[in-house]
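Subject: The structure you asked about

Hi there,

Here is the structure, ready for you to open next to your own notes. Have a look, and then read on for what turned up in it.

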Amino acid sequence: MKVSSLLGAVVLSILPGCQPAPPAPEPKACTMIGCSDGITVVVENAPAPPYTVEVILPDGTSRTSRCEAAPGCDAGLFFEGVTAEELTVRVTAGAGSSSEVVHPTYHVVQPNGPGCPPICKQARVQVRYAP
């Protein structure tokens with residue numbers, strides 16, 4: 001009798017569909033931290049504030065941001081929604097202006113971790129103010 005019970009257990013364990021189902025994966029908990037596509041422009045040799053940073057897109061449109069007080073702009077100025085592969089960055093201050101063409105490298109940012117939205121593209125570039 002023990003042999004038939006053991007044989008039955010072996011047969012059941014090798015038949016498809018007779019295996020116990022694997023446990024369902026735990027639902028992933030995602031936080032609600034947001035992010036935006038865009039580029040941060042850091043100005044080396046920055047003039048004394050106030051100064052303006054303009055990002056000129058390939059289609060000729062531009063976005064402008066103004067640095068009003070130091071050290072508030074030391075970390076850079078963020079231009080939301082800008083993801084172009086080539087940009088002209090113009091820095092304008094009382095002593096004049098300078099422009100530089102940049103080719104940003106965008107990185108995927110997932111502030112809530114892999115598998116959780118949102119997913120954003122962001123880059124950081126440095127330009128030198130040299131009027």
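A word on naming: helices (H or I, at least four residues) and strands (E, at least two) are DSSP runs, numbered from the N terminus. This is a predicted model, so local features need pLDDT of at least 70 and side-chain atom pairs count only at pLDDT 80 or more, while totals for chains, interfaces and linings use all residues. Residues are numbered from 1 along each chain as its sequence is written, and side-chain values use heavy atoms, with hydrogens and water left out.

Let's start with Asn112, which is found in the loop between β7 (107–109) and β8 (120–128). Asn112 has a relative accessible area of 11%, so it is buried (under 20% relative accessible area; exposed is over 50%, partly exposed in between; 1.4 Å probe, protein chains only). Its side chain makes a polar contact with the side chain of Thr31 at 2.3 Å. By polar contact I mean a pair of N or O atoms within 3.5 Å; within protein, one must be able to donate a hydrogen and the other to accept it, and residues adjacent in sequence count only if both atoms are side-chain atoms. The side chain of Asn112 also reaches the backbone oxygen of Ile33 at 2.7 Å.

Now for the charged pairs. How many salt bridges does a search of the whole structure find? There are two, a salt bridge being a side-chain nitrogen of Lys or Arg within 4 Å of a carboxyl oxygen of Asp or Glu. One joins Glu54 and Arg90, with the closest N and O atoms 2.9 Å apart. Because Glu54 lies in strand β2 (residues 51–56) and Arg90 in strand β5 (residues 87–93), this pair ties together parts that are 36 residues apart in sequence. Glu54 is buried at 18% relative accessibility, whereas Arg90 is partly exposed at 29%. In the other salt bridge, the side chains of Arg66 and Glu68 meet at 2.9 Å, N to O. Arg66 is partly exposed at 45% and Glu68 is exposed at 51%.

β2 and β5 pair in the antiparallel sense over five bridges (strands pair if DSSP finds at least two bridges between them), and Glu54 stands opposite Arg90. Arg90 belongs to the uncovered face of β5, with Thr88 and Thr92, while Leu87, Val89, Val91 and Ala93 form the covered face. A hairpin through two residues joins β5 to β6.

Happy reading!
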